[in-house]
Amino acid sequence: MKVTIRKLLPKDRERLVNILEATGMFTPEEVMCALELIDIYLLHPEQKDYCIICVVDAEDQVMGYACFGPVPLTRGTYDLYWIVMDPAQQGLGLGSQLLKRVEEEISKKQARMLLIETSSQPKYTKTRNFYLKNGYVEVSRIRDFYSVGDDRVTYQKTF
């Protein structure tokens, strides 16, 4: 499959809403949070906190996206805030391509590490395995962070 990874454009926003909802992974509040970052990125191009790239097919249809940015008051530390793939496109290696591009982009900015946090809920097992498969290491776990029984798990890759 021929794909391109490019910066997010305003015309992509509605497709991202559909993808976020189609995953079935996120609460309505989490979708709103994701859209808030998307809107900041699209409406305030001068800001430097968030960068969003997306993977598109030959017809320029968005299949997934990643949102990342520097962690304030650090040198060379970045967070991956979101990485989301259309469920119909999962398992094709496109998420790994997207993550690799994030790593390339932040490496150009002298990144030392990329941190990714996720939930310990069983429905996120596939997500956690995705990070491990892509060379990330679990570096912390905060018990009951999101709610009782739902830990925050943080993965790291150093460069």
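Which residue, with a positive phi, follows α4? G135 follows α4, and its phi is positive, near 90°. The views below show a predicted model, in which local features need pLDDT of at least 70, side-chain atom pairs count only at pLDDT 80 or more, and totals for chains, interfaces and linings use all residues. Residues are numbered from 1 along each chain as its sequence is written, and side-chain values use heavy atoms, with hydrogens and water left out.

**View 1. The largest pocket.** The largest pocket has a volume of about 1,100 Å³. Of its 39 lining residues, I83, T118, Y124, T127 and Y131 are the closest to its centre. Two or more lining residues come from each of α2 (28-43), β4 (77-85), α3 (94-107), β5 (113-119), α4 (125-133) and β7 (150-158). The most are given by β4, with 7 residues. By class, the lining has 17 nonpolar, 14 polar and 8 charged residues. A pocket is found on a 1 Å grid over the protein atoms alone, as an open set of points where a 1.4 Å probe fits, with protein on both sides within 12 Å along at least five of seven lines; lining residues have an atom within 4 Å of a point. Grid points are joined across faces, edges and corners, and the volume is the space filled by probe spheres set on the points. Helices (H or I, at least four residues) and strands (E, at least two) are DSSP runs, numbered from the N terminus. Ala, Val, Leu, Ile, Met, Phe, Trp, Tyr, Cys and Pro count as nonpolar, Asp, Glu, Lys and Arg as charged, and the others, Gly among them, as polar.

**View 2. The second largest pocket and C51.** The volume here is about 340 Å³. Among the 18 residues that line the second largest pocket, K7, Y41, Y50, C51 and K109 are the closest to its centre. At least two lining residues each come from β1 (4-7), β2 (51-56), β3 (62-70) and α3. The lining divides into 9 nonpolar, 2 polar and 7 charged residues. C51 is part of strand β2 and counts as buried (under 20% relative accessible area, with a 1.4 Å probe and protein chains only), at 16% relative accessibility. Leaving aside residues up to four places away in sequence, C51 touches Y41, A66, C67 and F68; contact means heavy atoms within 4.5 Å. The C-alpha atoms of C51 and L80 are separated by 9.7 Å, and the two residues are 29 residues apart along the chain.

**View 3. Two sides of helix α4.** R128, F130 and Y131 are the buried residues of α4. Seen down the helix axis, they fall within an arc of 155°, so they line one face of α4. The arc is that of the directions from the helix axis to the C-beta atoms. On the face turned away from the buried side are K126 and K133, which are exposed, that is, over 50% relative accessible area. The cover over the buried residues of α4 includes β4, α3, β5 and β7.

**View 4. Helix α3 and S96.** With 14 residues, α3 reaches 20 Å from its first C-alpha to its last, close to the 20 Å expected at 1.5 Å a residue. The expected span is 1.5 Å times one less than the number of residues. S96 belongs to α3 and is buried, with a relative accessible area of 17%. Beyond residues up to four places away in sequence, S96 touches F130, K133 and N134.
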